[in-house]
Amino acid sequence: MTPILADSAAPRSRSQRQSILKQIMGMPAGAIFLVFMTLQIVCIAGALLYPNEFRYLSPQNLTILMKAIPVLGCLALGAGVLMIAGEFDLSIGSVYTFTAILMATLVEAGLSAFLAAPLGILAGVLIGLLNGHITLRFGLPSFIVTLGGLLFWRGAVLLYNGAVQVRFDPEPIFTSLFSGTFLGINAAFIWIVLFVIGFHLLLHRHRFGNHVFATGGNPGAATAIGINTNRVKLIAFAIAGGMAAVAGILATARVGSVQPGQGAGLELQAIAACVIGGLSLRGGRGSIIGVFLGVLLIHTMTDVLLLLRAPGFYLDMFIATLIVLAAIFNHLIERRGLA
C-alpha cells in the first residue's frame, strides 16, 4: 500500500468507528449499552488479572447474579411500562410483599401453589387497577396515590399475617419451575429473559405499545387521534401490580419463605433501573431493553462493590450517584431533542 492510500485509509477507518458509535448512541438504549459493556470489559479484565482477589467470573458469583436479577427485573418492567405511560407506582414494593405472603399462606393452608400463584398475581393486578382508578377518577398525582398505597399495603401485610416469617413449601415441580436450573441456567433468569422479550414485543411491535408511548408523550394529541388514554394508563397500572406479584413469586420460590419487610425500598430501585435505562421521567420515551440493562447495571455495580468488600452504605451512594447522572443525561437528551 502506498503512503497516500495508507493515509486515506486511516481517516476512513476512524470515521467508520465514529459512525458506528454514533449509531449506537442514537439507539433508544445505546448509551446505557455502551456503559454496561464498558463495565463488563473492565470487570472481566479485572477477574482475569486477579482471579483470586476478584472472583467476578466464578460460577458461584454468576449464579448469585442470575438469581438476584429476575426479582428487580420484573418490578422494573412493570414500573417501566407505567413510567412510559406517564405515571408512577411507589406501592410495588409493598404489593410484592403482600402478594407473596398471600400466596405462601394459601399454600400453607393446603392450596396448590399452581392455584395460589395466579391468585397472588390477580391480587397484584387488582391493586394496580385500584391505584389507577383512584389516580384517574380524582385527577390526583400517581406519586401521591401510590405513596399512600405503599404505606397501606405495608400495614396490610402486618394486619394479615403479623410480623412473622411465612414458610413456603410448594410442590417440588413448582420449585423446579421457578427456582431450579435448566442447562445450568437458573430458571428465574430464563423467566426474566422471556418477560423482557414479551414486553419488548408488546411495547415496540404492538399497537398497545404505540398507545402507551403516545399517552405518555402527549396525552392531548393521543386523545385527539382517538386513543383512550385513561384505559391505557389503567392497563399500565394493572401490569405494574401484576409484575410486582410475579417478582414476589420468584423471590419466594427461591428463598422458601417470606419476610414481612423484604420489599422495602425495592420500588425505588425499580424506578432507578428505569431512569438509568433511559426512561424519561415525563413519560413517552424509553425502551424495555434499556430497563433491563438498567437492572443489570445496578446488580453488576452492587456485585462489584461486594466483591471489593466495600462497606454497605457505599452501595446506596453509588446507585444514588448513578441515578442522578442518568437523570441529568436523560434531561440533556430531552433538551437536545426539543431544540
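## Helix α2

In helix α2, the buried residues are Gly-30, Ala-31, Ile-32, Phe-36, Gln-40, Cys-43, Gly-46 and Ala-47. Keep in mind that this is a predicted model.

## The chain as a whole

Zooming out, the protein chain has 14 helices and four strands. It runs to 339 residues, and 47% of them are buried. As for contacts, take those between residues at least 6 apart in sequence: 76% of them join residues at least 24 apart.

## Thr-252, tucked inside

Thr-252 belongs to helix α11, which takes in residues 229-255. With a relative accessible area of 0%, Thr-252 falls under the 20% cut-off and is therefore buried.

What does the side chain of Thr-252 reach? It gets to the backbone oxygen of Gly-248, at 2.6 Å. Leaving aside residues up to four places away in sequence, Thr-252 touches Ala-100, Met-103, Phe-168, Ser-257 and Val-258.

## A leucine patch on the surface

Five leucines form a nonpolar patch on the surface: Leu-111, Leu-115, Leu-119, Leu-122 and Leu-126. Together they have about 430 Å² of accessible area.

Leu-111 lies in the loop between α4 (92-108) and α5 (113-138). Its relative accessibility is 30%, so Leu-111 counts as partly exposed.

## Two loop residues with positive phi

As a general rule, most residues other than glycine have a negative phi. Leu-183 has a positive one, near 55°. You'll find Leu-183 in the loop between β2 (181-182) and β3 (185-186). Its relative accessibility is 75%, so Leu-183 counts as exposed.

Arg-309 also has a positive phi, near 60°. Its place is in the loop between α13 (288-307) and α14 (312-338). Is Arg-309 buried or exposed? Arg-309 is exposed, because its relative accessible area is 71% and the cut-off for exposed is over 50%.

Definitions and conventions. Residues are numbered from 1 along each chain as its sequence is written. This is a predicted model: local features need pLDDT of at least 70, side-chain atom pairs count only at pLDDT 80 or more; totals for chains, interfaces and linings use all residues. Side-chain values use heavy atoms; hydrogens and water are left out. Buried means under 20% relative accessible area, exposed over 50%, partly exposed in between (1.4 Å probe, protein chains only). A polar contact is a pair of N or O atoms within 3.5 Å; within protein, one must be able to donate a hydrogen and the other to accept it, and residues adjacent in sequence count only if both atoms are side-chain atoms. Contact means heavy atoms within 4.5 Å. Patches are made of residues with over 30% relative accessible area and no salt bridge: like charges are joined within 9 Å, nonpolar side chains (Val, Leu, Ile, Met, Phe, Trp, Tyr) within 5 Å. Accessible areas come from the Shrake-Rupley method with a 1.4 Å probe; for residues, only the protein chains shown count as cover. A salt bridge is a side-chain nitrogen of Lys or Arg within 4 Å of a carboxyl oxygen of Asp or Glu.
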